[in-house]
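Let's take a friendly walk through this model, from its pockets to its domains, a helix pair and a few backbone details.

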Amino acid sequence: DLNRQLHGQHLAKEIVIHAVQGFLQSPQPQKALVLSFHGWSGTGKNFVARLLASHLYRDGLESMCVRVFISLFHFPHHKYVDSYKAQLEKQISETVQLCKQSLFIFDEAEKLHFSLLDAIKPFMARHDGHKMDYRRSIFLFLSNLGGNTINEVALDFWRAGRVREEISIEYLEQRLQLELLEPAKNGYVCSHLLKENLIDFFVPFLPLEYHHVKLCIQDAFLARGLPYTEAAVDEVARMMVFVPKEEKLFSAQGCKSVAQRINYFL
C-alpha cells in the first residue's frame, strides 16, 4: 500500500517498513518504538500514520488501541499544562492496560508543551521493571519542523541535476537533527526526547513535485469513482501553488488540498 499510494517518499517508505517490521518481529523489544515524521504539510505524514493504524488494527484509527492527540486541539492552553499531563499519562496507561500493542499518534508535535513531552518520556524509555510493560507500544510524532532543511536538500539535489532518490537518510538525518536542536520555542528542543535519544527513527518527508501531485489527483479521482482525463488531472494540478518563485518545483501544500480542488473543478 505504501508503494502504491505514497508518492515521492522513498525514504519514508524504506524507514517505516524496516522500523515497524523489525519491531513487530522482535520477540522482546527493549523499549517502545518511537518514530518522528518531519516535513512540509501535505507530504504524507498523516497519511502514513493512518495507513499504519489500518494495517495494525482491524478498526484502524477507530480502534480502542489507538489514541490520536492533536496539540492545539487537545492541549490548547499552557496554563492548564499540569492538568493535561495527568490526563495524558492516564490515557496512555489505560490504553496500554487494554492493549499490549498500542499506537499513540501526536499530531503538530512541535506545538506540544515540553513538559507534556517529558511526561510521556517514561512510556518510551527502556523498560525498567515497572509493573506495566510499554515495550510493545508505538509512538508517532508528526511535525512540520525540519521541513526547511529537507526542502533545501531536495532543491540542492535538483539544481545539481541529481534525482531525489539519491538522497540518503545518512545525508539528511544529521542536517535534520541540527535544525531540530536549534534554540527555538518548541517542545522538542526543551524536552528530553532528543537529549536522551528516545526517538528511534527520524523520518523525513520530501517536498512533492508536479508529477507527484498529479498521482495524488489521479488517486483522488479513483477514490471517488470518477472518470478522469490527463487534461483534467493537469488542470487540477495547475491550480496548486508551486515554489520557489523561480523554479516552481515543489507544491506549497503538498497534496493536502487536492480533494477540494477536484470539487472546484467539478
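## Pockets, domains and local geometry

Helix H1, helix H2 (10-25) and helix H3 each supply at least two residues of the lining of the second largest pocket. Helices here are DSSP runs of H or I with at least four residues, strands are runs of E with at least two, and both are numbered from the N terminus. This is a predicted model, in which local features need pLDDT of at least 70 and side-chain atom pairs count only at pLDDT 80 or more, while totals for chains, interfaces and linings use all residues. Residues are numbered from 1 along each chain as its sequence is written, and side-chain values use heavy atoms, with hydrogens and water left out.

A pocket is an open set of points on a 1 Å grid over the protein atoms alone, where a 1.4 Å probe fits, with protein on both sides within 12 Å along at least five of seven lines; lining residues have an atom within 4 Å of a point. Grid points are joined across faces, edges and corners, and the volume is the space filled by probe spheres set on the points. The table puts the two pockets side by side.

| Largest pocket | about 820 Å³ | 31 residues | 11 nonpolar, 10 polar, 10 charged residues |

Helix H1 (2-5), helix H3 (45-56), strand S4 (138-143), helix H11 (210-223) and helix H13 (258-265) each give at least two residues to the lining of the largest pocket.

The C-alpha centres of the two domains are 27 Å apart, and 12 residues of domain 1 are in contact (heavy atoms within 4.5 Å) with 15 residues of domain 2.

Next comes a helix pair. The axes of helix H7 (residues 147-159) and helix H8 (residues 169-180) come within 8 Å and cross at roughly 145°. On the H7 side, the contact is made by Gly147, Asn148, Thr149, Ile150, Val153 and Phe157, and on the H8 side by Tyr171, Leu172, Arg175, Leu176 and Glu179. By class, six residues of this contact are nonpolar, three polar and two charged. Axes are lines fitted to C-alpha atoms, for helices over the stretch in contact, and angles run from 0 to 180 degrees between N-to-C directions.

Finally, some backbone details. Pro244 sits in the loop between strand S6 (242-243) and strand S7 (250-251), and the peptide bond from Val243 to Pro244 is cis, with omega near -10°. Lys248 lies in that loop too; leaving aside neighbours within four places in sequence, Lys248 is in contact with Phe242 and Val243.

Terms used. Ala, Val, Leu, Ile, Met, Phe, Trp, Tyr, Cys and Pro count as nonpolar, Asp, Glu, Lys and Arg as charged, and the others, Gly among them, as polar. Domain bounds come from an automatic or database domain assignment.
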